[in-house]
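This report describes selected features of one protein model. Please consult the sequence and the structure shown below.

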Amino acid sequence: MSYQGNYNQRSSGTNNYILIVKRCIFLTPRDTSDILAKNIEMKEKIDKSKRGMKDWFYDINSSIDFNLYLLFTKYLPAYGENSKGLPDFKGNEKTKYLEAIKNHFSSNTNTKSYQSLKNLAKGNYDRIQNLIKSLLNLGYACKSIEAIPKWRLVVGLGASHPQETSMILHHIYGIPYIPGSAVKGITRHWALTCFADKISSQKNSDFYKEIEQLSKGLDGGFKEGSLYGNLSIQLLDKKVEKEEKIELSDLVEIFGTQEQKGKVIFMDAYPVDEIKLEIDIMNPHYPDYYSGNKPPADCQNPNPITFLTVGKTKFQFCLLSKDNNLLNKATLLLEEALKEHGIGAKTALGYGIFDI
């Protein structure tokens, strides 16, 4: 591993400003670190015409085709040293680095990586279509949904990451995606929510207790079925203007239990073509309270935390099954879940809710 603590600086500029270029620190094997240092630089700009006003930014070589996954998770420049003398990845410079990533892959159409990311998404889309054709030949039926986030989407925000805030990216292609397990999980949760809402209204009982009980019941296949009888909900299929009846037993068949597999396959959801990245911010106002040291008070300084998100990017969700009836019901539940609940992190604030 190479930890190069000294910045190599060089200066250039015109009569109006001075540009100071600094060598970044990378915790990668030395050969990789040397390559990265030549292509990712910190540039400080001193504007003479504005009384020496300073600003700085990360400059990523636009002629290099970087992989977004590697740049976001492995090729991070350290921002100096923390109190223990170790490389620091969590300084205020994090925002500058995220801006550089966004510009390199999403905003600046002149970079190789911008076109490469778009082509990877398109190529992956074509690969999925070929996979679906193969499965159709094996007797599966397929239903797909193309949808765009109303606001922004972030999946895997709390996953392990040197900068504390993460996002799920495909480890080979580097494109953002939504794992099939997340698609299935949110569909299942939405289905249970609909049933729990109906039960709690009928029994005037606690909604959250009903959710918990239903979830346990579904895990066991509703063997104690008498508890809920023949309970069902109705969802409107807008394509044919007809209501579809969904029973609790359908959920067992769709999602499976601890002892039997589900009969519907929920595939990973990928972008269809262009990928738009956005930088967002969360701003805890009581950092000392959340760290468990003090009660909440207005004297505590807000702690802005930036994180990377996906903007208005079209995703394709695909479901497969050999049972057309179950496939139709699962698709309706997924559409409702995406429109009404959302997927990923911070859905209560409007993230991950889709227009279909």
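## Basis of the model

The model is predicted; local features need pLDDT of at least 70 and side-chain atom pairs count only at pLDDT 80 or more, while totals for chains, interfaces and linings use all residues. Residues are numbered from 1 along each chain as its sequence is written, and side-chain values use heavy atoms, leaving out hydrogens and water.

## Strand 14 and its partners

Helices (H or I, at least four residues) and strands (E, at least two) are DSSP runs numbered from the N terminus; two strands pair if DSSP finds at least two bridges between them. Strand 7 (residues 141–149) is joined to strand 14 by seven bridges and runs antiparallel to it, with C142 opposite L320. Strand 11 (residues 270–271) is also antiparallel to strand 14, through two bridges, and Y270 stands opposite Q316.

Seven of the seven residues of strand 14 (residues 315–321) are buried, that is, under 20% relative accessible area with a 1.4 Å probe and protein chains only. F315, F317, L319 and S321 point one way, and Q316, C318 and L320 the other.

Beyond four places in sequence, the contacts of I178 (heavy atoms within 4.5 Å) include F315, F317 and F354.

Conventions:
Buried means under 20% relative accessible area, exposed over 50%, partly exposed in between (1.4 Å probe, protein chains only).
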